[in-house]
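The stops below are given in the order in which they may be selected.

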Amino acid sequence: MMNYKKTILAHLLDKYERSKTFIGNNKTRQRFSVKLIKLFPKYGDEAEYELFQKLNEAVHDLAEMNFISFKCKKNEVIDTVSLNLSRLDDIYVFLSRTPKAETNSDLIRLLDAYSKKHELLTRFCTAQRERISKNKKPEYFDGNIAEFEKLLKAVSMVFEVKEETFIRDFSIKVFGDSKTFEAIKGKVKRLLFQYGDFPDEDTVLEYLNIVKNPGHIFMKGSGVINISGQSIDLSKLGGDIAISSSILKDIEKISITGRRVITIENLTSFNAFSEDNTFAIYLGGYHNTHRRNFIMQLFHDNPETEFFHFGDIDAGGFYILLHLRKKTGVPFQPYHMDISTLKKYSAYAKPLTENDKRRLERLSDTVFSDTIKYMLENNCKLEQEAIDS
């Protein structure tokens, strides 16, 4: 059964806590009122006499407690109910509700504590303090301070992971149990992608070495790998091999026997790829510390070899290539990620979403500027599976 007193007070408090008066920005005295019939539409229904009596009784009781004042129309019909701001402390106690000002103070202390732990958190915490100053709820905050702190703690700790770590083990290390991180993983990924520099939200944790399963690098083509005293000539194999992240460190040397190296974004495209004089790599959809070290070793061992990246012709594909360049220092060039490819396979192109357009516009000053201009003008993008390498 609805508690009418608490429903009325909670609604009035919500109005107060959303107001300029609450943050001290209102120059005139505000009154926080609600028409009873708006809050309870059946109050005006003559067939709901029992409801009419109970609501009138609740309003009169609240007035006797000096929590509200009210105005009546004829026949004891209550018109408006107004909050008594001088009794706010007692009203919060009556509702067993934490004052928003107290919650905001706790949030600010928490944001201050985490803002210096990483530059990404500095950006996030600064933005949330600004939201609080404007009387807006912080992003990713659902009203539970303890859960919000878990989120901040998880984000701060992901940057300390230097080796591939299973999600379960990360959760145990940070929270003392194996399931807490799984419950907030989605929020962590969205926050990291929103405030960080990552090419893709889905694989942001893998970029930071937090994985669900052991990672592998798939490779094939013109190259010889020396690992643990053995040599593997990939050009003599009929397909690809996969090396797990755990033994990448055992690779002693990689000799490219062709003229170029190409990393491929999509597994289907990697499987279909077959070109002479090329060493092809599928990174498993992301490049974390182990994978970047592998690429840097590859570049170090073969400084005269050309390096290319083959990905989707969309914002995500462009971000991945630029991120590869930035994180490895290897001068990757785009492969089949240009206007001529878009024109050639235009029958397979897809229209841009609004999010696509926003992300592309943020990349308009990069090496892809001409391609992006064409994509925006022609409302198109292309998945690499449509391209015959």
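Select strand 13, residues 306-310; strands here are DSSP runs (E, at least two residues) and helices likewise (H or I, at least four), numbered from the N terminus. Four of its five residues are buried, so strand 13 is largely enclosed by the rest of the structure; buried means under 20% relative accessible area, with a 1.4 Å probe and protein chains only. The model is predicted, so local features need pLDDT of at least 70 and side-chain atom pairs pLDDT 80 or more, while totals for chains, interfaces and linings use all residues. Residues are numbered from 1 along each chain as its sequence is written, and side-chain values use heavy atoms, without hydrogens and water.

Arg260 stands opposite Glu306 of strand 13.

Now move to helix 1 (residues 4-17) and helix 5 (residues 88-95), whose axes lie 11 Å apart at an angle of about 130 degrees. Axes are lines fitted to C-alpha atoms over the stretch in contact, and angles run from 0 to 180 degrees between N-to-C directions. For the contact (heavy atoms within 4.5 Å), select Lys5, Lys6, Leu9, Ala10, Leu13, Tyr16 and Glu17 in helix 1 with Leu88, Ile91, Tyr92, Phe94 and Leu95 in helix 5.

Note on methods. Buried means under 20% relative accessible area, exposed over 50%, partly exposed in between (1.4 Å probe, protein chains only). Two strands pair if DSSP finds at least two bridges between them.
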